[in-house]
Amino acid sequence: MEVYIDVKNLSFYRGKRAIYDDITLQIPKGKITAVMGPSGVGKTTLLRLIGGQVVQDSGSLTVDGVDIAAASRKELFEARRKMGMLFQSGALFSDMSVFENVALPLQEYTSFDKEMIRDIVLMKLQSVGLRGAADLMPSELSGGMARRAALARAIALDPDLVMYDEPFAGQDPISKGVLVELIQRLNSAANMTSVLVSHDVEESLSIADHVCLLSGGSVILSGTPDEVRSSTDERVVQFLNGLADGPVAFHYPAKDYREQLLERN
Amino acid sequence: MAVFKYLFDSVYGFFDAFGQAGIFLFQTLFRLPVRFSEALRLYIRQVYSVGVLSLVIIVVSGAFIGMVLALQGYTILTRYGSEAAVGQLLALTLLRELGPVVTGLLFAGRAGSALTAEIGLMKATEQLSSYEMMGIDPLRRVIAPRLLAGITCMPILALIFSAVGIWAGMMVSVQWLGVYEGSFWSSMQQSVYFDTDVMNGVIKSFVFAIAVVWIAVYQGYVCQPTSEGIGRATTRTVVMGSLAILGLDFLLTAAMFGDF
């Protein structure tokens with residue numbers, strides 16, 4: 001297995017709270033890796049660490065051999081050019097049409113002429129089913145369409161790595177199905193490395209080649225989807241089956257319920 | 001003791017924020033565009049939304065302020081029989097003071113708040129992160145055109161404000177109140193100097209523009225990306241921008257016209 005992203009003994013604190021406490025994980029090249037875990041476990045933070053938008057407090061993180069935290073501004077921007085990221089909200093630029101959004105990375109980084117850029121943009125939009133929506137503004141798109149348009153933008157430069165931040169959250173079943181198929185197709189056709197951050201168990205397990213389960217600031221399981229399904233670890237079982245009772249507490253820490261109700265002011 | 005700690009923290013916080021904002025301004029101004037045609041397009045788009053769209057409020061306020069000044073000036077000057085000096089009064093007040101200051105205050109309310117809210121919302125919807133992840137510097141792409149457009153538009157708006165004010169004041173005093181037109185213009189011509197009055201007004205509005213637009217884009221860029229945070233940042237832009245204009249106006253007036 002060739003490693004694309006290598007995280008070693010990484011710790012990251014937000015204020016005094018440890019988001020990651022000494023985690024180690026590897027993301028293989030050319031595969032779809034799903035990073036899963038309950039909300040608030042810092043899945044999105046992992047993507048931001050990979051993109052160099054935040055820097056870890058200790059440990060190391062390399063992407064394709066480049067140490068992101070130690071990279072100069074130029075090296076970092078160079079590395080980001082090979083990454084595409086699909087944000088949770090899509091994050092389309094609201095002052096540009098769908099076409100301009102997808103064309104922007106091409107205009108910025110290639111010396112293609114107008115015709116060529118137009119053709120590439122139309123091809124990318126065709127692959128996400130939005131060629132007809134090229135002239136619409138982001139405010140005119142539904143949530144699912146915005147995310148697909150953002151996906152077209154993320155893959156405009158044919159990056160080596162695509163990161164998906166909760167691609168399935170808030171999508172209807174049809175969009176979900178389309179996205180699952182798209183991610184799979186992109187990954188196999190262009191030999192990209194995909195990192196998928198999600199808490200949608202079924203969709204993620206169905207397309208992932210490799211799964212990392214995070215909980216409480218550490219990696220509790222790393223393996224194939226089958227290994228995850230057959231795991232007997234209490235935390236994994238609780239997460240996969242959506243159980244309220246288990247090692248991961250459903251309730252935010254509070255004082256005794258009965259006591260609080262009986263309290264007089 | 002707590003009072004001293006509070007004082008120290010506030011002063012420290014102020015200088016800390018000021019320093020951060022200074023670095024931010026420096027980085028924005030000295031990051032040159034990669035493609036000039038693209039940069040020009042972005043700049044012109046901002047000139048439209050910051051400058052052209054502010055024209056209505058500037059022209060309307062300029063007209064009313066000019067008319068009120070003419071009325072007030074006429075009623076006082078006519079007591080001394082020197083109502084012809086209303087032209088001089090109008091031109092000097094508008095060019096030296098009211099043009100730059102009122103334009104600055106209106107600009108902070110109209111364009112400054114819009115800039116803060118727009119940039120704040122771009123931050124909240126991850127658009128700024130998105131630029132960063134694309135390897136495109138948001139300071140260069142988003143902040144710089146807005147900053148430059150604001151700084152170049154405001155002096156022009158202030159001149160338009162003064163011109164409209166003088167014209168409206170002329171309408172009131174000459175057409176309505178019956179001041180002799182020849183003396184209206186000649187009193188103005190005798191007492192208004194291009195380098196001391198007009199240029200000092202332009203310099204003032206240029207300084208105010210830097211202050212207001214700098215505050216506006218910085219507040220948008222560093223705001224908490226929530227609806228509450230954007231609201232607070234927008235308020236801060238208007239309050240801090242207005243106070244900065246009034247404070248700077250005192251300093252500049254003292255430096256330009258103070259006789260010491």
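Chain B and chain A bury about 2000 Å² between them, and 48% of that is on carbon and sulfur atoms. Buried area here is the accessible area, taken with a 1.4 Å probe, that two parts lose on being put together, summed over both. On the chain B side, Glu126(B), Met133(B) and Met134(B) lose the most area to chain A; together they make up 34% of what that side buries.

A word on the basis. This is a predicted model, where local features need pLDDT of at least 70, side-chain atom pairs count only at pLDDT 80 or more, and totals for chains, interfaces and linings use all residues. Residues are numbered from 1 along each chain as its sequence is written, chains are lettered from A and ligands numbered from 1 in the order written, and side-chain values use heavy atoms, with hydrogens and water left out.

Back to the interface. Which residues take part? Contact means heavy atoms within 4.5 Å. By that rule, 25 residues come from chain A and 19 residues from chain B.

How many salt bridges are there between chain B and chain A? Four. The rule is a side-chain nitrogen of Lys or Arg within 4 Å of a carboxyl oxygen of Asp or Glu. One salt bridge joins Asp137(B) to Arg73(A), with the closest N and O atoms 2.8 Å apart.

Now the elements. Helices (H or I, at least four residues) and strands (E, at least two) are DSSP runs, numbered from the N terminus. In chain B, α2 (36-51), α5 (127-133) and α6 (138-176) each supply at least two residues of the side that touches chain A. The largest share, six residues, comes from α5(B). By class, that side of chain B has 10 charged, five polar and four nonpolar residues. For the classes, Ala, Val, Leu, Ile, Met, Phe, Trp, Tyr, Cys and Pro count as nonpolar, Asp, Glu, Lys and Arg as charged, and the others, Gly among them, as polar.

Next, the spaces. On a 1 Å grid over the protein atoms alone, a cavity is a set of points where a 1.4 Å probe fits but cannot get out. A pocket is an open set with protein on both sides within 12 Å along at least five of seven lines. Lining residues have an atom within 4 Å of a point. Points are joined across faces, edges and corners, and a volume is the space filled by probe spheres set on them.

The structure holds three cavities of 30 Å³ or more. Of its 15 lining residues, the closest to the centre are Met83(A), Gly84(A), Arg153(A), Ala154(A) and Met134(B). β6(A) gives the most to this lining, three residues.

The second largest cavity has a volume of about 90 Å³. Its lining includes Asp95(A), Met96(A), Tyr131(B) and Arg141(B). There, α6(B) provides the largest share, four residues.

About 740 Å³ lies in the largest pocket. Gln53(A), Lys123(B), Ser129(B), Glu132(B) and Tyr221(B) are the closest to its centre among 28 lining residues. α1(B) gives the most to that lining, four residues.

The second largest pocket holds about 570 Å³. α9(B) supplies the largest share, seven residues.
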